[in-house]
Amino acid sequence: MKAPLPPQLRVFVRDWLSSNNILLKSAAGHVLIDTGYVRHAPLMLALLASRQGLDGDGLARIVNTHCHSDHMGGNAAVARAYGCRIAVPEGEAPLIERWDTKALWLDYTGQTAERFAVDDVIVPGSTHVWGDLEWRALAAPGHDMSAVVFHNAEHRILISGDALWENGYGLIMPRGVDPAALPATRATLDMLSKLDVAVVIPGHGEPFTDVAAALERAYGRTTAFEVDEMRVVRHALKVLLTFTLLDRQRMPLAELPGFVDHVPIFRDFNARYFRLPPDALAQRLVGELERAHALRRDGSDLVPG
Ligand SMILES: [Zn+2]
């Protein structure tokens with residue numbers, strides 16, 4: 001079913017390397033929620049310049065649901081092009097200000113972004129009028145402990161970032177790394193369940209209306225994660241390797257042991273959970289991702305599935 005959205009709200013559905021971008025247009029100043037991955041910044045700028053985008057208008061503000069590379073990677077380029085302000089969730093601001101590449105999951109996961117300056121913070125519980133619609137910012141910790149979602153009660157719209165997708169949510173840290181992440185994920189689902197929502201605009205994938213089914217799947221995943229910490233661990237590493245492959249497009253299979261031995265999160269998780277030689281961990285991840293059709297071999301290279 002096509003999601004009923006007000007005409008001043010435009011959703012640019014991207015892929016898994018770049019988050020969706022949401023443009024909220026009004027005479028008070030247009031607002032863009034999330035800007036995609038840094039490598040896709042030229043495409044972000046082209047979308048904004050298009051007729052479906054700003055169509056020659058200016059941009060007043062960028063807002064981020066959270067500060068992972070696939071959501072804020074285009075911030076610097078868009079701010080440079082439009083001279084707009086940038087607002088991030090309150091809890092993310094110190095990380096951006098000191099460019100904490102571990103907490104922001106940049107160097108830590110083998111990802112990159114262009115550094116930018118924060119102009120304003122989004123405080124959970126605050127309300128904002130963007131695109132002539134009133135949005136309440138709600139804390140949605142779990143995948144990102146400082147993430148926010150935006151709820152419009154009038155049209156029953158939820159902009160969920162990576163806190164809720166049609167099928168799951170963004171990777172979370174295992175208990176041994178961040179004991180708060182999984183309980184926060186469940187608490188966020190409980191919070192979202194109580195909202196009146198007709199349509200969800202997720203951080204990745206098409207907007208969807210069967211919110212109850214999405215919540216049920218998200219709860220099911222959470223329960224499975226609670227039962228078996230290794231599922232959280234394997235899921236996180238598989239998601240991150242898939243992301244790297246989407247970014248690079250191609251990676252010699254022979255480079256993968258070096259990759260899992262050098263990228264800190266792979267090294268940390270291996271030391272803590274697998275204790276395998278790097279080539280054995282690499283082989284295991286590739287095998288699982290091949291079976292899931294998330295990647296395939298092309299000669300001696302790995303390519304996205
Ligand atoms: Zn994220």
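This briefing covers the overall build of the protein and one of its sheets. The model is predicted: local features need pLDDT of at least 70, side-chain atom pairs count only at pLDDT 80 or more, and totals for chains, interfaces and linings use all residues. Residues are numbered from 1 along each chain as its sequence is written, and side-chain values use heavy atoms, without hydrogens or water.

**Overall build**
- The protein has 10 helices and 14 strands (DSSP runs numbered from the N terminus: helices are H or I, at least four residues; strands are E, at least two).
- Its radius of gyration is 19 Å, close to the 19 Å that the globule rule gives for 305 residues, so the protein is as compact as a globular protein of that length. The radius is taken over C-alpha atoms, and the rule is 2.2 Å times the number of residues to the power 0.38.
- Of the 305 residues, 54% count as buried (under 20% relative accessible area, 1.4 Å probe, protein chains only).

**The sheet**
- Six strands form an open sheet with mixed pairing, in the order S1-S2-S3-S4-S5-S6. Two strands pair if DSSP finds at least two bridges between them.
- Strand S1 (9-12) and strand S6 (120-122) are the edges, and each pairs on one side only.
- S3 (residues 31-33) and S4 (residues 61-63) run parallel, joined by 3 bridges. Leu 32 has Ile 62 in S4 as its bridge partner.

**Helices on the sheet**
- Helix H3 (residues 75-82) packs on the sheet and touches S3, S4 and strand S5 (85-89). Contact means heavy atoms within 4.5 Å.
- Helix H1 (residues 41-49) lies across S1, strand S2 (21-24) and S3.

Technical notes:
Axes are lines fitted to C-alpha atoms, for helices over the stretch in contact, and angles run from 0 to 180 degrees between N-to-C directions. Buried means under 20% relative accessible area, exposed over 50%, partly exposed in between (1.4 Å probe, protein chains only).
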